[in-house]
Amino acid sequence: MPDTPEQPIVNQVARLARIHLDEQQLKSSGEKLEQILGFVSQLEQIELPKDVIPFFGAIESVNAIRDDQLQTSVPREKILDNAPESDGEFYLVPPVFKPTDS
Amino acid sequence: MEDSVLNSNSNSQSNNRQTVPFNDAKIIIGLEVHVQLDTDSKLFCGCSTRFGEAANSQTCVVCTGMPGALPVINQRALELSIRTGLSLNCRIARSTKWDRKNYFYPDLPKGYQISQFDQPICGPGHLDIQTTEASGQPRRIRIERAHLEEDAGKSIHDESNDRQSSKIDLNRTGTPLLEIVTYPDIRTAAEAKAFLSELKLILNYIDVSDCNMQQGNLRCDANVNLHIPLRGQQIATPIVEIKNLNSFRAVERSITFEAQRQFEGWQENGVTIADAPKQTRGWNDHTQMTTLQREKEDSADYRYFPDPDLIAVKIEETQIKQIRSQLVQLPAILRELLVKEYNLKPDDAAVIVSQGRGVVDYFLTVADGCENSRVANNWIGQEVLRHLNESNQTIQQYPVSHQQFTELLKLVIAGTLDQTRGKEVLNAMVEHSISSEEAIKQLGIKSVDNSELVTLCETLMDENQNVVEQIRSGNEKAIGMLIGKARKKNPNANPGLVKAMLSKMITG
Ligand SMILES: [Zn+2]
């Protein structure tokens, strides 16, 4: 299988996303990623005036802000209904032993 | 041939390493402090932030990351962040935005944490800390940035559970945190502790956080490595991020441990910052050691990108001005006030200020009222603080009002009450919540006029002529015996006045 230049990136992203890709998926993902990166590098060639400020969303408005006020939370039994597994109080997940991020 | 060169080379380097004393190594420390902001609701939804409620009773579609739910930023969290930034001399961003930090962990339901990557709400600033350095000069610790982010939930690892699963409580998910990041300007474990103490005190003064470390409202990670001089060069050891620091003592001890561990590791294998990536190690309070958790993920591994669910926040000059105008006096200013205007020793001023604004105000009112800041400090610094400490009360709960306390101190300063009786009166005031006047009455304390004092002294001299002779022949200390006897005859007689009168009557 001829590797696309993006193959190592695909492996890395798949590892970080905790998903397993088979040979076929690896190949097609690499091709898609190559297309996307190609498109972005095309965008990068556009010459912009120096004073253009980048914007980060499709909406140009700012400041959607709420007051610090309590709203009723979703009842526990209802929210836990979404969990693959729970004991009625907690979500149950495969054992994890080392909390690493805060 | 090449091998042998390498070997002899590394051997001689190893020998060189062995000759460097530990004390030559400079410890380089930077801190990342997570502060839980004192809001009622979470950062992006209206769920409560209250601690200790039933598991998973404070979550909604936003903080559990259901598809289609839209986060909206909490006004008070922004305000508290700006207040903190101004108190730490930070530049406040005029425009700030939100980014997703992607990683997988069961207590992070969205698969990403909303944080701030390249436009934090607070830019560079600094905090001056007192150190024990001989110069007495404060040390300036520069702050790199402070950014807002949401907290994760809690994992509970129940080992007795034979189903081999972990339990997740998402109540804390989405609680607002301000992460304050210092430059690596801290040089000793004691300085790290001093920085955290001062930061905690400031956050208390400005009502940003109660900083309860047991509840995890103030959490700290420390980045530590060593700079070691070797043959005119600086060698840097690999940077280690120490996590799980839940007390000041843990911060101090883990840094001390880590410095020693890195030094010994380097002496043994010579590994430097160029050879090894940043490591994450966890502090274990039981073993008093750090242990390897994982190789640190690169910033790129978190694949930060702007959160498309949120829009930028513009902060107006007027808003910053308004928050600045409402800032209270900070601990450093108050310490200076107590030293310069109230003539307290720096250590005494630090004790009063460390108790919070309530105690400072109590002191200022009493010192002004009784016009003697030294006496006010002695009594408040000892009697009041001891009582608050023993009864676990705040100054607001203290049974003696500042007016009553001032009245009591006036009597002590005037000599109407001596120290011992004064303390008896104060104890009665505290115990029965009564005024100094009532306490004096209750204890049967009567003022002793001059003629009574003269009679008392004459009686004492008559009854103890051998002591009087001793004093006359130069043993001035013997007067103490007479004062002890005076106290028994009339407990209301001020020992200072008795002493003055006796020595006048005996030696002229
Ligand atoms: Zn919520």
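B:Arg487 and B:Asp418 form a salt bridge, with their closest N and O atoms 3.5 Å apart; the term denotes a side-chain nitrogen of Lys or Arg within 4 Å of a carboxyl oxygen of Asp or Glu. The model is predicted, so local features need pLDDT of at least 70 and side-chain atom pairs count only at pLDDT 80 or more, while totals for chains, interfaces and linings use all residues. Residues are numbered from 1 along each chain as its sequence is written, chains are lettered from A and ligands numbered from 1 in the order in which they are written, and side-chain values use heavy atoms, with hydrogens and water left out.

Chain B is assigned domain 1 (5-298), domain 2 (329-443) and domain 3 (450-507), the bounds coming from an automatic or database domain assignment. The C-alpha centres of domain 2 and domain 3 of chain B lie 32 Å apart. Between these two domains, 5 residues of domain 2 are in contact with 6 residues of domain 3 (contact means heavy atoms within 4.5 Å). The area buried between domain 2 and domain 3 of chain B is about 380 Å², with carbon and sulfur atoms giving 33%; buried area is the accessible area (1.4 Å probe) that two parts lose on being put together, summed over both. On the side of domain 2, B:Gly415, B:Asp418 and B:Arg421 lose the most area to domain 3, together 84% of what that side buries. The count between domain 2 and domain 3 of chain B is 1 salt bridge.

The contact between the chains takes 62 residues from chain B and 40 residues from chain A. About 4500 Å² is buried between chain B and chain A, of which carbon and sulfur atoms give 55%. Across this interface the rule finds 0 salt bridges, and 18 residue pairs are in polar contact (both at pLDDT 80 or more). A polar contact is a pair of N or O atoms within 3.5 Å; within protein, one must be able to donate a hydrogen and the other to accept it, and residues adjacent in sequence count only if both atoms are side-chain atoms.

Elements of chain B that give two or more residues to the side touching chain A include helix H2 (75-87), strand E9 (166-169) and strand E11 (218-230). Helices (H or I, at least four residues) and strands (E, at least two) are DSSP runs, numbered from the N terminus. The largest share of that side, 4 residues, comes from E9(B). Strand E2 (residues 91-93) of chain A pairs with E9(B) in the antiparallel sense over 3 bridges, where pairing requires that DSSP finds at least two bridges between two strands. The bridge partner of A:Tyr91 in E9(B) is B:Ile168.
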